[in-house]
Amino acid sequence: MQTKEASQESEIKQVIRSLCVMNNRFMNFMLDDNKKAAQVFLRIILGDDKIKVRNVRIQSFIRNIYGHSSQLDILAQDSKGRYFNVEVQRSDEGAPARRARFYSSILDTHFLQPSKLYEELPDTYVIFITENDVLRDNLPLYDIRRTIKQSAKDFEDGSHIIYVNSQRRDNTALGKLMHDLYCTEPKNLHYQEFAERMEFLKYSKEGEEKMTDVIEEYAARKAEALAKEAEKKEQTNRIELAKGLLADGMSIEFTVRHSKLSEAEVRELASKLTA
């Protein structure tokens, strides 16, 4: 017979094995300090096979002492000094245009050091990978630039906002990358850089230990679900007790006191019993 600890460990492993890169926390583990994978990621999205990633960090907190601060999912820098912020958004509400604008602006204020000239401000890329086509033009990728309205020419200020529609999974390099974001098994991935990392995280002891946060998140969700289930069961028992008391002719006040339901809940039950 399987022990409780072994059963829980097996369940946790199943949770880890079920994760895909579109899970925000798992993407963090996939790309954290993983320059090879981040490089492939950025090269495909930006269509630039010369990008050389210098460093990549997850959950970078940028403090704004005058207003709203931000925590960036993925922040990478390449050999040219350009910065790339990648955000995974499974909810449409999490990827509004003004959020992209804010992230772009906070990168600017953070990376232009005192005494530096404006011309030294690095190029920045804010990349939102969305579960749905939030911009609704059925495009695989939206490359958003400032333009001069009268001439339709690009206004070259070095800022870039990109939305990637993860629903477009075809045989293009970008489509294959989007396919990989939803895969849960390393053997089904197109890109070896992601397959190697996923294999390590899901099927090695060291990798599982690295995913402590995911396990803790799972445990917290499990505890919350059990608490809600217990609360729901307790509420059901209170309702059944109240129904029985009312059916036996007990008063509203007596039923409230012994069932521990609110007076409004008891009166609603009473009205249903007499309807």
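Modeller: Before we start, a definition: axes are lines fitted to C-alpha atoms, for helices over the stretch in contact, and angles run from 0 to 180 degrees between N-to-C directions. Keep in mind, too, that this is a predicted model.

Biologist: Thanks! At what angle do helix 9 and helix 10 pack?

Modeller: Take helix 9 as residues 252–259 and helix 10 as residues 263–274. Their axes lie 9 Å apart, and the angle is about 120°.

Biologist: Which word describes how helix 9 and helix 10 lie to each other?

Modeller: Angles of 65 to 115 degrees count as roughly perpendicular and those over 145 as roughly antiparallel. The packing angle here is about 120°. Helix 9 and helix 10 are therefore oblique.

Biologist: How do the residues in the contact of helix 9 with helix 10 divide into nonpolar, polar and charged?

Modeller: Helix 9 brings Ile252, Glu253, Thr255, Val256 and Ser259, while helix 10 brings Glu263, Val266, Arg267 and Ala270. By class, that contact holds four nonpolar, two polar and three charged residues.

Biologist: Is glutamate 208 buried or exposed?

Modeller: Glutamate 208 sits in helix 7 and, beyond its sequence neighbours within four places, is in contact with residues including Lys13, Arg17 and Lys202. Its relative accessible area is 14%, and the cut-off for burial is under 20%. So glutamate 208 is buried.

Notes
Residues numbered from 1 in each chain as written. Predicted model: local features only at pLDDT ≥ 70, side-chain atom pairs only at ≥ 80, totals over all residues. Heavy atoms only, no water. Helix = DSSP H or I, 4+ residues; strand = E, 2+ residues; numbered from the N terminus. Parallel < 35°, antiparallel > 145°, perpendicular 65-115°, else oblique. Contact = heavy atoms within 4.5 Å. Nonpolar A, V, L, I, M, F, W, Y, C, P; charged D, E, K, R; others polar. Buried < 20%, exposed > 50% of the residue type's maximum accessible area, 1.4 Å probe, protein only.
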